[in-house]
Amino acid sequence: MLSPERLSLPGLDYLAQRHVLTYMEDAVSQLLENREDISQYGIARFFTEYFNSVRQGTHILFREFSFVQATPHNRASFLRTFWRCFRTVGKNGDLLTAQEYHCLLQLLCPDFPVELTQKAARIVLMDDAVDCLMSFSDFLFAFQIQFYYSEFLESVAAIYQDLLAGKNPNTVIVPTSSSGQHRQRQPPNDCSPLEGVEASLFYQCLESLCDRSKYSCPPSALVKEMLSSAQRLTFYGFLMALAKDQGINRALGALPDKGDLFVDPAMDQELEKLVAQVSGLSISGPTSSSGDAANLPVRHSPRINSPWKPLHHRRKMDTESEGSNEETDSSEN
């Protein structure tokens with residue numbers, strides 16, 4: 001079904017807005033790299049399956065980071081995939097360090113930059129030591145803001161520093177380099193709760209930034225509502241407020257509300273099928289010494305392996321040995 005937005009924009013503008021050329025170039029590149037295999041079932045089928053995977057959000061699995069972060073849809077797909085794959089970490093109440101969360105991210109994107117993980121951890125820990133333990137929900141919502149709005153946050157950090165230094169608040173810095181080249185952000189000085197910048201002036205700069213930036217930004221109306229009750233704020237206080245705001249989370253559309261974070265009926269159904277399959281194999285294995293039909297399920301057993309189970313199991317052993325059952329500060333809604 002055609003959306004009204006598609007019909008209201010010129011063809012080239014719509015293609016650019018939806019990054020269609022990015023996907024076409026990637027599809028053609030994969031077609032050329034795998035032309036011998038693809039020739040066996042046809043080019044038309046290849047393009048059909050490729051764009052089905054784009055629509056479903058599975059096209060970012062195990063891809064290089066430059067592709068994962070190339071479009072807003074790719075970023076949202078990666079966030080959704082990370083949540084669905086590793087939500088059992090939070091469901092079981094496990095606490096992980098930034099390095100361990102980074103290992104999980106690398107299972108989906110092998111060259112995922114550690115700098116992004118560390119920046120997300122600093123949002124949760126308010127720039128404290130990034131080797132502290134964090135709950136899954138705290139890290140996930142902070143990571144969502146840092147990953148999806150990475151260019152926006154780089155500009156916000158520069159604006160905040162300028163306001164602290166008393167420089168012209170109308171000076172807006174918009175990143176021009178690819179977000180794949182993540183610079184080490186100098187953390188603003190948030191040591192004292194009395195420090196910070198005037199919230200209304202800060203919002204005026206953010207509104208101007210959102211109007212001029214070509215990168216993804218949070219909806220300015222939601223940011224204004226979020227800052228309306230504050231007189232002054234710090235940089236990491238602003239980032240934490242972004243991470244906890246459910247309106248911004250809904251506008252982004254990649255993750256469910258926090259109350260539904262560990263509810264995923266479709267994934268639960270798939271897991272139940274896998275558990276039933278594993279149970280069937282364990283029951284039928286010892287009793288069937290021969291027989292053709294009894295041995296058929298064994299051919300599917302390699303698909304049952306879960307890449308995150310070894311790490312998850314190891315983490316539980318570590319926390320038990322350390323005696324740590326503390327939650328990160330979750331003064332969430």
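This text walks through a predicted model of one protein chain, from its overall make-up to single residues.

Some ground rules come first. Residues are numbered from 1 along each chain as its sequence is written, and side-chain values use heavy atoms, with hydrogens and water left out. Because the model is predicted, local features need pLDDT of at least 70 and side-chain atom pairs count only at pLDDT 80 or more, while totals for chains, interfaces and linings use all residues.

Start with confidence. The score is pLDDT, the predictor's confidence in each residue, from 0 to 100. The protein chain averages 80, and 73% of the residues score at least 70. A contact here means heavy atoms within 4.5 Å.

Now the overall build. The protein chain has 18 helices and 4 strands. These are DSSP runs, numbered from the N terminus: helices are H or I with at least four residues, strands are E with at least two. Of the 333 residues, 41% count as buried. Buried means under 20% relative accessible area, exposed means over 50%, and partly exposed lies in between (1.4 Å probe, protein chains only). The accessible surface comes to about 18,300 Å², of which 54% belongs to carbon and sulfur atoms. Such areas come from the Shrake-Rupley method with a 1.4 Å probe; for residues, only the protein chains shown count as cover.

Next, the interior. In soluble globular proteins, nonpolar side chains tend to be buried together. A nonpolar core is a set of buried Ala, Val, Leu, Ile, Met, Phe, Trp, Tyr and Cys residues joined through side-chain atoms within 4.5 Å. The largest one here has 75 residues, and Phe-78, Phe-82, Phe-152, Phe-202, Phe-238 and Leu-242 touch the most other members. Helix H10 (residues 136-148) gives the largest share of this core, 9 residues. Take Leu-242 as a guide. Leaving aside neighbours within four places in sequence, Leu-242 is in contact with Ile-145, Phe-152, Leu-153, Pro-218, Val-223, Met-226 and Ile-248.

Val-28 sits in helix H3 (residues 20-33). Val-28 has a relative accessible area of 33%, so it is partly exposed.

Turn to charge. The structure holds 7 salt bridges. Each is a side-chain nitrogen of Lys or Arg within 4 Å of a carboxyl oxygen of Asp or Glu. Arg-63 pairs with Asp-26, the closest N and O atoms being 2.7 Å apart. This pair links distant parts of the chain: Arg-63 is in the loop between helix H5 (43-56) and helix H6 (65-68), Asp-26 is in helix H3, and 37 residues separate them. Both Arg-63 and Asp-26 are buried. Arg-63 also meets Glu-64 in a salt bridge (3.1 Å, N to O). Glu-64 is partly exposed because its relative accessible area is 34%, whereas Arg-63 counts as buried at 13%.

Glu-49 and Arg-45 meet in a salt bridge (2.9 Å, N to O). Both lie in helix H5, 4 residues apart, about one turn of the helix. Glu-49 is partly exposed at 39% relative accessibility, and Arg-45 is partly exposed at 48%.

Arg-84 lies in helix H7 (residues 72-91). Its C-alpha atom is 9.8 Å from that of Ala-266, 182 residues apart along the chain. Arg-84 touches Asp-264, Ala-266 and Met-267, not counting residues up to four places away in sequence.

Finally, the backbone. Most residues other than glycine have a negative phi. His-19, in the loop between helix H2 (11-17) and H3, has a positive phi of about 55°. Phe-62, in the loop between H5 and H6, has a positive phi of about 60°. Phe-62 counts as exposed at 57% relative accessibility, while His-19 counts as partly exposed at 25%.
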